[in-house]
Amino acid sequence: MSNNITDIIRKTDLTVSPLEESNTIPSTWYSEQSVYLFELENLFSSVWQCVGHVKRLEKNGDYFLFNYLDNPLIIIKGNDGKIRAFYNVCQHRGGPLALEDGNVKLLQCKYHGWTYQLDGYLKKAPKFNQMETNLADICLKPVNIDIWEGLIFIALDEAPVKLSDMMNGINKRIAPVDINTLNFYRRIEYNLNCNWKVYIDNYLEGYHLPFVHPGLSKVLETKEYETELSEYYSLQVSPLKEDNIYGKGSAFYYFIFPNIMLNILPGRLQTNLVLPTSRNSSRIIFDYYYENINDDSKIKSIENDIAFSDEVQKEDIFICEKVQSGLESKGYNQGRFSTTEEQGVYHFQSLLKEYYGRYLL
Ligand code: FES
Ligand SMILES: [Fe+2]
């Protein structure tokens, strides 16, 4: 089998046809090593990725670590109150500046003890003659950072779209829910034996709900389930049934291209970041945010919500791993979309073709 990326992603497969005539993307895009490497190198290095919340950095000097596709990062609040992101990599010989989340006055490398200010500039290098070696302009390598509604986003290389443009319109649509008022509660990670795009496709349609998630139909008014498409995101929205565990309102399921999900229910936000870990495996990071995390009477309903999400997630993992086997078999190449149920999947795959095309030119 050829490993050349342009043999696997052919120009003709990048054409976007109208939904009713379109095929799904070829199965090799979910399984070939060259596609996985191509996506890491191009797509994932230049898109905004949601890594945490400003409330995790309350005091100056607070920081947390994030390992993004084998790039160790540190997100830190400086003495000026500004939040910055750097590679957690010392500019001497690559040592780590921090090993776990915490609070510091200075960042000190764990290898030979170089210290850095919180704005990234080198402060001291033990046993170096500062004059001779000209260390003054050494700085930790910064990472692009931006904040939307308290959520911290990073991009390793310059992202082609401004974060505020990408998220435009979400706030208004979800009102009166206000993400800014929520507090970080817990992070849960799942490892899956499927390509990251299998999980995204699956997320983007409610077509599978009756078959895969019988429990969800107790919560969602699935007859009124709708999909709305925007430039860089899509929204699946469904009114909540009466007497459900969440109260009155709607469930908003936002997908932000290429791999972020914001699952919004009254008083609760769950973010998902879907990261490729190999050609046929992925890691999904769930962050949970709630309104009242210090109110003991609310903890039971929070824990119920997390347990219910975990049940739904296990159902999705089961089917996604089966789908990966199907895609890797000789029994399948491309399929067709339902025009009423799979607009979100079509929207994602169309954007993916557009982005692939940019990098292949
Ligand atoms: S690698 Fe950091 S001080 Fe040497
Ligand atoms: Fe699902």
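Select the donor residues of the iron ion (ligand 2) to begin; in sequence they follow the spacing H-x4-H-x102-D. Around this ion, in what is a predicted model, the coordinating atoms are His208 (NE2), His213 (NE2), Asp316 (OD) and Asp316 (OD), at 2.0 to 2.7 Å. Donors here are N, O and S atoms within 2.8 Å of the metal (3.2 Å for Na, K and Ca), and sites may look incomplete because water is not among the atoms.

Next, display the angles at the ion. The 4 donor atoms subtend 53 to 156°, which makes the arrangement irregular.

Histidine 208 sits in the loop between α6 (196-203) and α7 (209-212), and aspartate 316 in helix α8 (residues 296-328), so the pair ties together parts that are 108 residues apart in sequence. Helices (H or I, at least four residues) and strands (E, at least two) are DSSP runs numbered from the N terminus. Histidine 208 and aspartate 316 are buried, where buried means under 20% relative accessible area, exposed over 50%, and partly exposed in between (1.4 Å probe, protein chains only).

Now select the open sheet. Its 7 strands come in the order β11-β17-β16-β15-β14-β13-β12, with antiparallel pairing; two strands pair if DSSP finds at least two bridges between them. At the edges stand β11 (183-192) and β12 (226-229), each with a single partner strand, so one side of each is left without a neighbour in the sheet. Within the sheet, zoom in on β13 (residues 233-239) and β14 (residues 250-256), antiparallel strands joined by 7 bridges. Tyrosine 233 stands opposite isoleucine 256 in β14.

Cysteine 139 is partly exposed, with a relative accessible area of 22%, whereas cysteine 109 is buried at 6%.

Finally, show the whole protein chain, which has 9 helices and 17 strands. Its C-alpha trace spans about 70 × 60 × 30 Å along the principal axes, and 51% of the 361 residues count as buried.

Residues are numbered from 1 along each chain as its sequence is written, while chains are lettered from A and ligands numbered from 1 in the order in which they are written. Local features need pLDDT of at least 70 and side-chain atom pairs pLDDT 80 or more, totals for chains, interfaces and linings use all residues, and side-chain values use heavy atoms, with hydrogens and water left out.

Terms used: Tetrahedral: all angles 85-135°; square planar, octahedral: opposite > 155°, others 65-115°.
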